[in-house]
Amino acid sequence: MRETQPQVSSFVCQSCSMPMEKPTDFGTEIDGLASKEFCVFCYSNGSFIEPDLILSQMIDKVSRMLAKQMNISEDEASSIARTSVPSLKRWQKKI
Ligand SMILES: [Zn+2]
């Protein structure tokens with residue numbers, strides 16, 4: 001492995017906290033370029049897929065997703081979501 005690929009695995013969606021690794025994980029800007037901040041489930045063509053979503057609804061969504069992905073209880077997942085989601089840019093700036 002001589003060629004160093006750009007390290008993209010440190011990107012985390014700034015709306016739902018999902019890690020974005022593959023090019024297809026990234027949302028798209030209005031010009032079709034990949035968004036570095038938001039994932040494909042949250043952001044498409046330069047805008048949020050669910051612009052009216054509020055923080056508590058996102059925490060619910062993320063909790064369910066984490067519980068499945070990490071195979072943990074919804075209680076554990078929701079305590080992770082409650083600490084990680086509110087610190088993301090979307091919720092800090094209240095876009
Ligand atoms: Zn997202």
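**Exercise 1. State what fraction of the protein chain counts as buried, and give the order of its elements.**

Solution. Of the 95 residues of the protein chain, 24% count as buried, where a residue is buried if 20 or more other C-beta atoms lie within 10 Å of its own, exposed if 12 or fewer, and partly exposed in between, with C-beta atoms placed from the backbone. The model is a predicted one, in which local features need pLDDT of at least 70 and side-chain atom pairs count only at pLDDT 80 or more, while totals for chains, interfaces and linings use all residues. Residues are numbered from 1 along each chain as its sequence is written. The protein chain has three helices and six strands, taken as DSSP runs numbered from the N terminus (helices: H or I, at least four residues; strands: E, at least two). From the N terminus on, these elements run β-β-β-β-β-β-α-α-α.

**Exercise 2. Decide whether the length of α1 agrees with its number of residues, and locate its buried residues.**

Solution. The expected span is 1.5 Å times one less than the number of residues, so the 16 residues of α1 should span 22 Å, and the 21 Å between its end C-alpha atoms agrees with this. Next, M58, I59, V62, S63 and L66 are the buried residues in α1. Because they cover an arc of only 140° around the axis, they lie on the same side of α1; the arc is that of the directions from the helix axis to the C-beta atoms. An α-helix has 3.6 residues a turn, so residues three or four places apart point the same way. The buried residues of α1 pack against α2, whereas the face turned away from this buried side carries the exposed residues Q57 and K68. After α1 comes N71, whose phi is positive, near 60°.

How values were computed:
Two residues are in contact if their C-beta atoms, placed from the backbone, lie within 7 Å.
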